[in-house]
Amino acid sequence: MAGAMLPGAVHCNTSGIGVAAHGDGLQRLSLSNRHRMMREGIFIMYHTGGGRRDPPDTVPRGGRHLPPLPYPYDALEPVLSAQALYIHHRVHHASYVQGLNRAELSVSAAVQEGNDALVRHWERELAFHGSGHTLHSLYWRNMTPDTVQVPDLLQSVVTRDYGGLTVFRRHYLAAAEQIAGDGWAVWVWQPQYGRSEILAAERHENMVQWGSKPLLVVDAWEHAHYLDYPGRRAEYLRAWWNLVDWRRVQARLHPHVGV
Ligand SMILES: [Fe+2]
């Protein structure tokens with residue numbers, strides 16, 4: 001059972017054992033009880049549910065490829081131009097993929113060759129390029145050219161944790177705008193606390209909170225906005241907000257919280 005649930009929530013895992021939250025208490029549910037609750041119209045949410053899911057990322061060391069964008073390069077205009085998106089994806093993200101492949105192979109080779117002095121260097125490269133690859137992959141997929149309403153589950157969590165979408169937006173964009181130098185604003189699910197949190201990753205190779213799961217990321221590095229919004233990070237961030245695919249953000253939140 002990962003994370004906490006909203007009062008009155010029902011949550012089931014794929015092992016067939018359900019857990020329900022009633023106020024402050026948790027109660028195991030038998031299969032018959034789950035069927036009864038379904039008959040009575042009590043909503044049950046499964047770990048495997050949620051629709052739009054991120055693809056698994058299981059590839060051999062050094063064998064990673066740049067993932068394609070889930071839309072054409074000009075799909076996010078006028079907020080992000082086709083030229084800016086192409087360079088961001090094909091140059092900057094691609095360099096993280098290349099760097100990650102090189103680091104994965106090199107750290108193994110260094111150990112096998114007894115060259116332990118190089119391990120520290122390659123571990124740093126592994127963290128830097130690996131984080132860059134992961135965050136960019138999320139960034140592309142938490143944007144969409146579609147007009148998307150905030151789904152109910154996500155709205156409930158935002159209201160519970162921040163008081164509402166307006167405060168959440170102001171908090172998230174302020175965190176992104178005030179990052180020193182390059183970095184990311186990352187909305188995460190923190191299972192240790194059973195709630196969400198907004199974090200600012202000023203050096204993305206450093207974990208901003210161990211164990212947390214990224215839900216929504218925005219790239220605040222200069223390379224994300226220097227073509228379309230030179231020297232105007234705040235303007236980029238406010239325009240970017242309208243591209244967020246809240247359906248996909250909710251799909252990442254879905255396994256942890258039920259309504
Ligand atoms: Fe970037």
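Two residues are taken to be in contact if their C-beta atoms, placed from the backbone, lie within 7 Å. On this basis, the buried residues of helix α4 pack against α5 (165–177), β6 and α7. The model described here is predicted.

The protein chain contains seven helices and seven strands. Along the sequence, these elements follow the pattern β-β-β-α-β-α-α-α-α-β-β-β-α-α. Of the 259 residues of the chain, 28% count as buried. Among the contacts with a separation of 6 or more, 65% are accounted for by residues 24 or more positions apart.

The mean pLDDT of the chain is 81, and 77% of the residues score at least 70.

An open sheet is formed by three strands in the order β6-β5-β7, with antiparallel pairing. Strands β6 (195–201) and β7 (213–219) lie at the edges, each pairing on one side only. From one strand to the next, the twist averages 20°. Helix α7 (residues 246–253) packs on this sheet and touches β5 and β7; the direction of α7 makes about 150° with that of β7. In general, strands of a sheet pair through backbone hydrogen bonds, either parallel or antiparallel.

Strand β5 (residues 184–190) is joined to β6 by seven bridges, the two strands running antiparallel. Within this pairing, Gln190 has Arg195 of β6 as its bridge partner. The pairing of β5 with β7 is also antiparallel and extends over six bridges. Here Val186 stands opposite Val217 of β7. Strand β7 is mostly covered, with six of its seven residues buried.

In helix α4 (residues 152–162), the buried residues include Leu153, Leu154, Val157 and Val158. These residues lie on the same side of α4, because they cover an arc of only 130° around the axis. Just after α4, Gly163 adopts a positive phi of about 95°.

The largest nonpolar core of the model comprises 38 residues, and those with the most contacts inside this core are Trp184, Ala185, Val217, Val218 and Leu253. Two or more residues each are given to the core by α2 (82–112), α3 (119–141), α4, α5, β5, β7, α6 (233–240) and α7. Strand β5 gives the most, with six residues. Nonpolar side chains tend to be buried together in soluble globular proteins.

Not counting residues up to four places away in sequence, Trp184 touches Leu135, Ala201, His204, Val217, Val218, Asp219 and Ala220. A second, separate core has five residues, among them Tyr96, Leu100, Ala103 and Trp122.

Terms used. Residues are numbered from 1 along each chain as its sequence is written. This is a predicted model: local features need pLDDT of at least 70, side-chain atom pairs count only at pLDDT 80 or more; totals for chains, interfaces and linings use all residues. Two strands pair if DSSP finds at least two bridges between them. Helices (H or I, at least four residues) and strands (E, at least two) are DSSP runs, numbered from the N terminus. Axes are lines fitted to C-alpha atoms, for helices over the stretch in contact, and angles run from 0 to 180 degrees between N-to-C directions. A residue is buried if 20 or more other C-beta atoms lie within 10 Å of its own, exposed if 12 or fewer, and partly exposed in between; C-beta atoms are placed from the backbone. The arc is that of the directions from the helix axis to the C-beta atoms. A nonpolar core is a set of buried Ala, Val, Leu, Ile, Met, Phe, Trp, Tyr and Cys residues joined through C-beta atoms within 7 Å. pLDDT is the predictor's confidence in each residue, from 0 to 100.
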